[in-house]
Amino acid sequence: MSNRARWISHRAYGGGSIITFEDNIPDLHHISDAEAEALCARLRGDLLQIVSQTGGHLGSNLGAVEITVAIHRVFDTSRDRILFDVGHQCYIHKMLTGRREAMKTLRTFGGLAGFPKPSESVHDAFIAGHASDSVSVAVGMAHARTRMGEKYHVLALIGDGALTGGLAYEGLSNAGDSKEPLIVILNDNGMSITKNVGGVAEHLARQRLKPQYLRFKKGYRKLMGKLPGGGHIYRFTHKLKTAIKGTLLPCSMFEEMGFTYLGPVDGHDVRRLTRLLQYAKDIDGPVLLHIRTVKGKGYAPAERNPDRFHGVSRFCLETGEPVQPSKRDFSKAFGEAMCALAEEDERVCAISAAMVPGTGLHDFFERFPERSFDVGIAEGHAVSMAAGMAKQGMLPVFAVYSSFLQRAYDMLVHDVGIQGLHVVFGVDRAGLVGADGETHHGTLDPAFLDTIPGMTVLCPASFAEVSSMLRYALFQCTGPVALRYPRGGEGEYRGDAGPETAILRTGGDLTLVGYGTLINEVLQSAAQLSELGIEAEVVKVGRITLFDPAPILDSVRKTGYLLVAEESNASNCIGQRLAADLLLQNIPVKGIALQNLGNRFIPHGTVEQLRELCGLRAEQLTKRAEEVLRHGKKET
């Protein structure tokens, strides 16, 4: 039995056919168009079943079914390089590359990642968790292929939303200029990339995508290359055609960059997509294939509300409603505080980088539209724009995920930091975020924000502190301020100790230091130690830059022992800074331990699982504290 026969079987069912899979990698190169269409229908159904049980990115994957199948019909992803921009639309690709059965482990600890991951499969060409970089990476791979004399194809699948990022245009500009054979697939599922120029343009676009036209164009180019003087004739006719077409068709921007432009075309027509990819594969130079898709295609709730179904938790397939209703979280608390403070001061405004609902700003944008600015996936621009607003007297607040803020480090330094401008950053998803993994954990900002002179970094541990610290950041601070808070809800600590360092529990045997919601694990550890006859003093740090270490140093003078727990990487963590202060002030220490994430990238899993992986659960902190005390007593 052929490989094709092993993975595809048909049986009559209500007048249609069903495709069944085995857990292998199907060969799609020789399947018929009808089989491809049936495969797309089956994949879409399987995708809905899987994500309804695991959660994940749904809308973008539903919209990318046909283009992914078409890619696998034309290319060999074990050798050819397919680069997903952002990468959350890679689920169908994973299902077609031997991981269909493993999809039930999607985004779970030790299971499949929700993004492409080269360590997971040779079919995943490059890691992709942030937007706008695919074309740049594609150019690099194409150059490497040419320089090393190898033969493979390079494709970048980029969404229209990612084109709001400046890096995408840097990549496109260089790709067109490079003349390297590569294919950029522009998945246009919402943003109006091109102007609606009427029925004539649409008609011409359809004509130029017909197979007979494409065959003629390819043959004409080949013939002119062989005839004496054919090159001059071809260049003249090409310039004439381009001049006429530029007035009628919405593709001149990409062709001016040096691309052969194909499209726009229905991104859910797997037959036509396959033909166009086969044609693009033979073009000796950069090609841009513009497809139009529907985000959430094939699932009515997702088509009606694509934003809500971008990233979902487990949901009821019949109704689209989440299995567990969402609870109040830190993003919501931040959004509520923003609305309250905006009522008090008309200078307060909000900036988002295409993450309005995700950062809790939906109500703010509804209530204060004239003070709301969504700049798209353009974090660097958002920071610079906020700097301009602050320079002219506004109170801008840029709400952004920690892992996305790192994309704007230069602007933080140059446009905000050097001038000491009063810009407030709502740094959402600080610390371990869970299922999205390495590309989304917010574990680097404590270190890189501390390198910016004058930057105040506040770490609320409760909803009450989000409100009070945001007020403090806006109305009492000067210079840049970052308010960093985690994904999810608050723990048992519901107090409000303000922005300063506070002693939450007194003790004389050991000093325990923490900040943010990790203080809950620290307090629980102190209670466990108390049951063992060890009285720990718990110190909560409200601000982790420009903070006064005196309360902590005084506590260590008393106890002689220090354990600092942090949900951040080790480099430049506050534990290291405290250790340096103790040494510089000649404070005797019998034992010290810094419990953090180390200098590594943390995988995906639940926050609880990842804290356990890093030794940050209460029971683990208790054991570490006992070890520090035992070691210190042996030394003395």
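No disulfides turn up in a search of the whole structure; a disulfide here is a pair of cysteine sulfur atoms within 2.5 Å. Two cysteines can still be placed. Cysteine 40 is buried, at a relative accessible area of 2%. Cysteine 316 is partly exposed, at 28%. Buried means under 20% relative accessible area, exposed over 50%, and partly exposed in between, with a 1.4 Å probe and protein chains only.

This is a predicted model, in which local features need pLDDT of at least 70, side-chain atom pairs count only at pLDDT 80 or more, and totals for chains, interfaces and linings use all residues. Residues are numbered from 1 along each chain as its sequence is written, and side-chain values use heavy atoms, leaving out hydrogens and water.

**Overview**

The protein has 636 residues, and 55% of them count as buried. It holds 25 helices and 20 strands. These are DSSP runs, numbered from the N terminus: helices are H or I with at least four residues, strands are E with at least two. Contact means heavy atoms within 4.5 Å. Of the contacts with a separation of 6 or more, 74% come from residues 24 or more positions apart.

In soluble globular proteins, nonpolar side chains tend to be buried together. A nonpolar core is a set of buried Ala, Val, Leu, Ile, Met, Phe, Trp, Tyr and Cys residues joined through side-chain atoms within 4.5 Å. The largest one has 51 residues, and Leu58, Ile67, Ile185 and Leu277 have the most contacts inside it. Helix α2 (residues 33–54) gives the most to this core: eight residues. A second, separate core has 45 residues, including Ala387, Val427, Val457 and Leu582.

What does isoleucine 67 touch, leaving aside its neighbours within four places in sequence? Its contacts are Leu157, Ile185, Gly267, Leu273, Leu277 and Ile291. Ile67 is one of the buried residues of α4. In this helix (residues 65–74), ten of the ten residues are buried, so the rest of the structure largely encloses it.

**Rings**

The whole structure contains ten aromatic pairs. Rings of Phe, Tyr and Trp (its six-membered ring) pair if their centres lie within 6.5 Å; planes under 30 degrees apart are stacked, over 60 edge-to-face, and the rest tilted. Here are two of the pairs.

| Pair | Centres apart | Planes | Type |
|---|---|---|---|
| Phenylalanine 254 and tyrosine 261 | 6.0 Å | 5° | stacked |
| Phenylalanine 330 and phenylalanine 463 | 4.9 Å | 75° | edge-to-face |

The second pair links distant parts of the chain, 133 residues apart: phenylalanine 330 lies in helix α14 (residues 330–344) and phenylalanine 463 in helix α20 (residues 463–475). Both of these phenylalanines are buried. Phenylalanine 254 and tyrosine 261 are buried too. Elsewhere, ring pairs join Tyr299, Phe309 and Phe315 into a cluster.

**Backbone**

Most residues other than glycine have a negative phi, and most peptide bonds are trans. A cis peptide bond joins glycine 263 and proline 264, with omega about 0°. Proline 264 lies in strand β7 (residues 260–266).

Serine 132 has a positive phi, near 80°. It sits in the loop between α5 (91–99) and α6 (134–147). Is serine 132 buried or exposed? Serine 132 is buried, at 1% relative accessible area. Alanine 354 also has a positive phi, about 65°. This alanine is in the loop between β10 (348–352) and α15 (362–367). Alanine 354 is partly exposed, at 35%.
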